[in-house]
Amino acid sequence: AAAAIGIFASLSGLQARYDRTFADISLTFTGQRFEPEHVAIVSIDEATLQAHRKEPLVTWGPHHARVLSVLREVGARLVVIDLDFAVSVEDWLDQMKIEGSDLSRTHDIGFRTELGKGGVVLVAGLTDNDKGEAELHLPTPGLLYSLPNGPADLGLANLIQDDDGVVRNFTPVAADDGPAPRLTLAMLAAVRASGGAWDAAEWEFGALVVPSRVAPVPIDWIGPPGSVPEVSYQKLLAEGAAADPDVRRLKGRVVIVGSDHHSLHDFHLSPFGKSTLGAKQMMSGPEIQANIIETLLQ
């Protein structure tokens, strides 16, 4: 009888669901498990949005240029910009045909210049169209072609969820082979930060060997939301930002620039947010990416 119950639980998926539930509860009770050594977040938070409430995000090219310049000055290891650049304000200004204005060519020139210096990863994405076919969404051409390695400097921001909607694993690639962009965002960041090649057959991170194939890899979670060091985006725009002690602590880290504000809708359910022990607590997309990068680089 015990063997029959065990076989049924295994084949039906019941055992896996119980395993996940107890693992989630264990993580929740444990809390923050360790201090991350390799990652940090520059967050577009409430203070940042309030300081620029009259500026649509699509117009923030000059701000992004400033942030990249400061991160380069303090010695960030790599910068991952986890923001959607599918729309360009320069394209819109070009359509407006404003006489005597060069803004349709120059508004983002500082941002493009900083991207051209390298050490930056941008986001691409895969979505299904109404025919069920995968569609690739890239940054606007002006930014894409500013990247030294073009599509090889793009990581796919797609996260995988279990059937209960919780993110517990990541896949290193979106396809077993093919051209760039093929690596997922955090995987590409970790590969770049460790000096690897995006098109390798496998990647070594100490004792951890990750093959270049579509297979789930467990995330070694740092802790609940808020466990990754975070600096407000607005701090990097301040005068003398590179001398700020909080900003200087970003030296040597992979820095994810992204949003932790609910109005930008980049939040997901992690094992720490299971409703088993109360209300659901969501984790921002940038912090999940940071957990994956730390999983690899640690």
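# A guided tour of the predicted model

Select Phe205 to begin: apart from neighbours within four places in sequence, this residue is in contact with Met187, Ala190, Val191, Ser194, Val210, Leu296 and Leu297. Please bear in mind throughout that the model is predicted.

**The nonpolar cores.** Phe205 is also among the residues with the most contacts inside the largest nonpolar core, which has 37 residues. Helix 9 provides the largest share, eight residues. A second, separate core has 36 residues; select Val79, Leu83, Leu154 and Val231 to see some of its members.

**The largest pocket.** Turn now to the largest pocket, whose volume is about 790 Å³. Select Asp82, Leu83, Asp84, Phe85 and Val123, which are the closest to its centre among the 35 lining residues. Then display helix 4 (61–74), strand 3 and helix 12, each of which supplies at least two residues of the lining. Strand 3 gives the largest share, five residues. Coloured by class, the lining shows 18 nonpolar, 13 polar and four charged residues.

**Arg112.** Select Arg112 in helix 7 (residues 109–116). Is Arg112 buried or exposed? Its relative accessible area is 19%, and therefore Arg112 counts as buried, the cut-off being under 20%. Beyond residues up to four places away in sequence, Arg112 touches Glu90, Arg105, Gly142, Leu143 and Ser146.

**The salt bridges.** Side chains of opposite charge can pair when their charged atoms come close. The whole structure contains 14 salt bridges. Select Asp24 and Arg168, whose closest N and O atoms are 2.6 Å apart. This pair links distant parts of the chain, 144 residues apart: Asp24 is in helix 2 (residues 14–30), and Arg168 is in the loop between strand 5 (154–156) and strand 6 (169–170). Both Asp24 and Arg168 are buried.

Asp162 is partly exposed, at 22% relative accessibility. To view the network of salt bridges here, select Arg20, Asp24, Asp162, Asp163, Asp164 and Arg168 together.

Finally, select Asp220 and Arg33, whose side chains meet in a salt bridge (2.7 Å, N to O). Asp220 lies in the loop between strand 9 (217–218) and strand 10 (230–232) and Arg33 in the loop between helix 2 and strand 1, so this pair ties together parts 187 residues apart in sequence.

Conventions
Residues are numbered from 1 along each chain as its sequence is written. This is a predicted model: local features need pLDDT of at least 70, side-chain atom pairs count only at pLDDT 80 or more; totals for chains, interfaces and linings use all residues. Side-chain values use heavy atoms; hydrogens and water are left out. A nonpolar core is a set of buried Ala, Val, Leu, Ile, Met, Phe, Trp, Tyr and Cys residues joined through side-chain atoms within 4.5 Å. Buried means under 20% relative accessible area, exposed over 50%, partly exposed in between (1.4 Å probe, protein chains only). Helices (H or I, at least four residues) and strands (E, at least two) are DSSP runs, numbered from the N terminus. Contact means heavy atoms within 4.5 Å. On a 1 Å grid over the protein atoms alone, a cavity is a set of points where a 1.4 Å probe fits but cannot get out, and a pocket is an open set with protein on both sides within 12 Å along at least five of seven lines; lining residues have an atom within 4 Å of a point. Grid points are joined across faces, edges and corners, and a volume is the space filled by probe spheres set on the points. Ala, Val, Leu, Ile, Met, Phe, Trp, Tyr, Cys and Pro count as nonpolar, Asp, Glu, Lys and Arg as charged, and the others, Gly among them, as polar. A salt bridge is a side-chain nitrogen of Lys or Arg within 4 Å of a carboxyl oxygen of Asp or Glu.
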